[in-house]
Structures are given as C-alpha cells and as structure tokens.
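Hi,

Here's the structure I promised to pass on. Have a look at it first, and then read my notes below.

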Amino acid sequence: MINVTILNALIVAAVVLIHHESLIRLSGLLSSMRQSHHFRIIVAVFGILVAHTVQVWIFAVAYYFLHHGEGWGELVGNFSGSLLDCAYFSFTTFTTLGYGDIDALGHLRHLTGIEALTGLVLITWSASFLFVEMQRYWPTR
C-alpha cells in the first residue's frame, strides 16, 4: 500500500507542477501579447486545454503501465487494454464525468479517486485563472 501512496503522490505532484508552470507561462505570454483582448483569452483557453490534456495523458500512461503490471489492479469493462482506452478512462475520470463503462479494480481504484480530486481542483484553478485574465483584458462596458 505504501508503493501505491508514493506513486499517487508523485503523479499528483507532477501534474500540479505542470499546471502551475503552464499558468505562469500563459500569464507571461498574455501580458506580452499586443493582440486584441479577445485573442488573448482564446490563447489562454487553448493553453489551458493543452495543459489539461498533458495532465490527463500522464494519468493515462500510469493506468496503462499499472494495468499491465502485476499486483496493481486492473481496468475492466468496455476496455481492451490499449493506451487509447486508458486515455479515454483518464479523461472521464479527470473531468469527473465517469461514464461507468470502465471500472478500476485493486490498487488502481486509489489512483482513480485521486485523479478525480486532482482534476476537479485543477479545472477550478483554470477557471479562476481565466476569470482573472478576462477581468484584466476584457474591455469594460
């Protein structure tokens, strides 16, 4: 169980640090841009989407290797074991959408729970960032 906890903590630390760095870089980029306010917000949205996609794929790769490894648990249901299926499962877990067509068994359940919590926090962080950026760059009426 200690290995599961350490692995989960490392994955969460990686995605949180990636998110932090992405927002710092996006903020710097937006402040240096001379394009319209609307274009800056669009760049911010696409930047955040890219950051979240990278984060989801980090979880997906972890699912893939843990599913195929011994003693970590498995993913069952409408699941072939492919990396794309792991990415699909990760996207639905990260966004807390959770269709329920794929289930985690064993220690993988812990990673799914922490991914959902991490996704919720990071998506909320992104929404707050966009709100502040919109206030900064959106023209007042």
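Is Tyr 64 buried or partly exposed, and what is its relative accessible area? Tyr 64 comes out as partly exposed, because its relative accessible area is 28% and that class covers values between 20% and 50%. Keep in mind that this is a predicted model.

Now for the aromatic rings. The count comes to three aromatic pairs, and I'll take you through two of them. Tyr 63 and Phe 89 make an edge-to-face pair, with 5.1 Å from centre to centre and 70° between the planes. Tyr 63 sits in helix H2, while Phe 89 belongs to helix H3 (residues 83-94), so this pair ties together parts that are 26 residues apart in sequence. Both of these residues, Tyr 63 and Phe 89, are buried.

Tyr 64 turns up again in another pair, with Phe 65 as its partner. That pair is edge-to-face too, at 5.5 Å centre to centre and 80° between the planes. Phe 65 counts as exposed, because its relative accessibility is 56% and the cut-off for exposed is over 50%.

If you want a place to start, pick Val 45, which lies in helix H2 (residues 37-68). Val 45 is partly exposed, with a relative accessible area of 33%, so it passes the patch cut-off of over 30%.

Cheers

Methods
Residues numbered from 1 in each chain as written. Predicted model: local features only at pLDDT ≥ 70, side-chain atom pairs only at ≥ 80, totals over all residues. Heavy atoms only, no water. Helix = DSSP H or I, 4+ residues; strand = E, 2+ residues; numbered from the N terminus. Buried < 20%, exposed > 50% of the residue type's maximum accessible area, 1.4 Å probe, protein only. Phe/Tyr/Trp six-rings, centres within 6.5 Å; stacked < 30°, edge-to-face > 60°.
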